[in-house]
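Hello,

Here is the structure I promised to pass on to you. Please have a look at it first, and then read my notes below.

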Amino acid sequence: MLDYLDSWHEHGSPWDLWIEQYEVGRQRFAELIGAEPEEVALVASASAGVNALASGLSFQQRNKVVLGEFEFPTMGHIWMAQRPRGANVHFVDAVNNRLRVEAYETLVDRNTLIVPLTHVCFMNGFRSQVADIAKLAHDRGALVLLDDYQDSGTRPIDVKAMQVDAYVSGTLKYLLGPPGLAFMYVRKSIAETLVPTVTGWFGQKYTFAFDVKLLEPAPGTRRFESGTPPIPTIYGALAGIKLLQEFGLQNVADQIRVLTKTLISDALGLGIQIKTPLDSVGPLVVLQSKDAEALVRLFASQGVVCSSRHDGLRISFHAYNNLDDVRFVLRLLEENLQMLVTSPAAISTAGET
């Protein structure tokens with residue numbers, strides 16, 4: 001961020017330098033997910049990217065949108081907002097905090113246009129069966145959009161191997177960057193068939209032509225970009241990605257897996273009810289709580305940053321965490337069992353101690 005401030009202070013408005021960083025960002029994001037740079041758009045938020053994608057789709061031939069109820073709210077909002085354009089939105093219901101492939105199979109049909117899919121649920125850490133759902137959707141002619149905001153940066157990702165048609169994530173969470181920047185992959189063969197109506201000068205082929213009367217979308221996925229990019233955030237985001245690449249994303253995944261398994265195992269030993277699947281490899285572990293917001297405040301007073309989602313206390317691990325952190329969290333949990341949903345045996349044991 002200081003590098004950005006220096007460029008601003010020394011040069012005033014060095015757009016050549018800033019655009020260079022902007023394109024380096026596109027390259028780094030593409031490397032991160034196994035895509036080509038021309039298949040990546042830099043956008044201000046995941047919502048901005050998905051809105052641009054949705055605006056370019058037609059609901060005339062196929063009009064059905066099928067998404068699970070575990071999606072982040074913005075995903076539901078965006079697709080429901082397409083209803084005046086003809087979108088027919090259906091939600092896949094969860095059973096016992098799980099979304100099963102069979103439930104998608106019931107709803108996805110030959111009239112389905114797109115299946116937006118969360119990789120990891122922000123409320124309970126459930127991980128979708130991406131490969132199975134993508135195959136199901138593709139067999140019936142539908143597109144698949146993967147929202148990876150809750151997982152990107154915690155393990156290696158290859159969008160080609162996953163066979164998703166579009167992918168969106170942002171820098172705020174596990175990519176160790178500041179807010180205000182997201183990126184979206186759209187398979188090139190699909191991107192160039194779409195003309196988004198949510199657009200701007202950076203989504204045009206000739207960005208610096210300054211021709212107000214010319215509308216010519218950029219080639220590839222860059223056409224889903226809009227206005228002036230958030231240059232300061234790009235500087236910060238590049239530093240975060242560089243750090244993760246130095247760690248090695250497989251090393252990051254291995255570390256998170258150990259921490260997640262330890263917390264789940266020991267929390268079960270305390271009798272705590274866990275909303276996250278017990279075979280989870282992270283990064284989220286969500287513990288059922290009687291007052292999650294109060295626990296968040298209590299943990300913050302002890303230097304532990306976590307969050308609440310409905311009745312869940314959400315613990316998130318990354319490469320900078322270690323087993324000492326897990327032990328500290330477990331001690332806090334044991335000291336506050338009365339604020340968590342536990343088995344009767346755990347309450348009895350806590351009373352004895």
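Let me start with cysteine 121, which is buried, with a relative accessible area of 0%. Buried here means under 20% relative accessible area, exposed means over 50%, and partly exposed lies in between, using a 1.4 Å probe and protein chains only.

Before going on, some background: this is a predicted model, in which local features need pLDDT of at least 70 and side-chain atom pairs count only at pLDDT 80 or more, while totals for chains, interfaces and linings use all residues. Residues are numbered from 1 along each chain as its sequence is written, and side-chain values use heavy atoms, with hydrogens and water left out.

Back to the cysteines. A disulfide is a covalent bond between the sulfur atoms of two cysteines. The search, which took a disulfide to be a pair of cysteine sulfur atoms within 2.5 Å, found 0 of them in the whole structure. For cysteine 121, the nearest cysteine sulfur belongs to cysteine 306 and is 17 Å away. Cysteine 306 is in no disulfide either, and it is buried, with a relative accessible area of 14%.

Cysteine 306 also turns up in the largest pocket, where Val305, Cys306, Ser316, Tyr320 and Asn321 lie nearest the centre among 17 lining residues. For pockets and cavities, a 1 Å grid is laid over the protein atoms alone: a cavity is a set of points where a 1.4 Å probe fits but cannot get out, a pocket is an open set with protein on both sides within 12 Å along at least five of seven lines, and lining residues have an atom within 4 Å of a point. The volume of the largest pocket is about 430 Å³, counted as the space filled by probe spheres set on the points, with grid points joined across faces, edges and corners. Its lining has 9 nonpolar, 5 polar and 3 charged residues; Ala, Val, Leu, Ile, Met, Phe, Trp, Tyr, Cys and Pro count as nonpolar, Asp, Glu, Lys and Arg as charged, and the others, Gly among them, as polar. β10 (312–316) and α12 (323–335) each give at least two residues to this lining. Helices (H or I, at least four residues) and strands (E, at least two) are DSSP runs, numbered from the N terminus.

The second largest pocket holds about 300 Å³ of space. Ala46, Phe72, Thr74, Tyr149 and Gln150 are the closest to its centre, out of 20 lining residues. Both α3 (46–56) and α4 (73–80) supply at least two residues of that lining. In α4, the buried residues are Thr74, Met75, Gly76, Ile78 and Trp79.

Finally, where does serine 289 sit? Serine 289 is in the loop between β8 (284–288) and α11 (292–301), and counts as buried at 6% relative accessibility. Its side chain reaches the backbone nitrogen of aspartate 291 at 3.0 Å and the backbone oxygen of methionine 339 at 3.1 Å. Beyond its neighbours within four places in sequence, serine 289 is in contact (heavy atoms within 4.5 Å) with residues including Leu295, Asp311 and Met339.

Best wishes

Terms used. A polar contact is a pair of N or O atoms within 3.5 Å; within protein, one must be able to donate a hydrogen and the other to accept it, and residues adjacent in sequence count only if both atoms are side-chain atoms.
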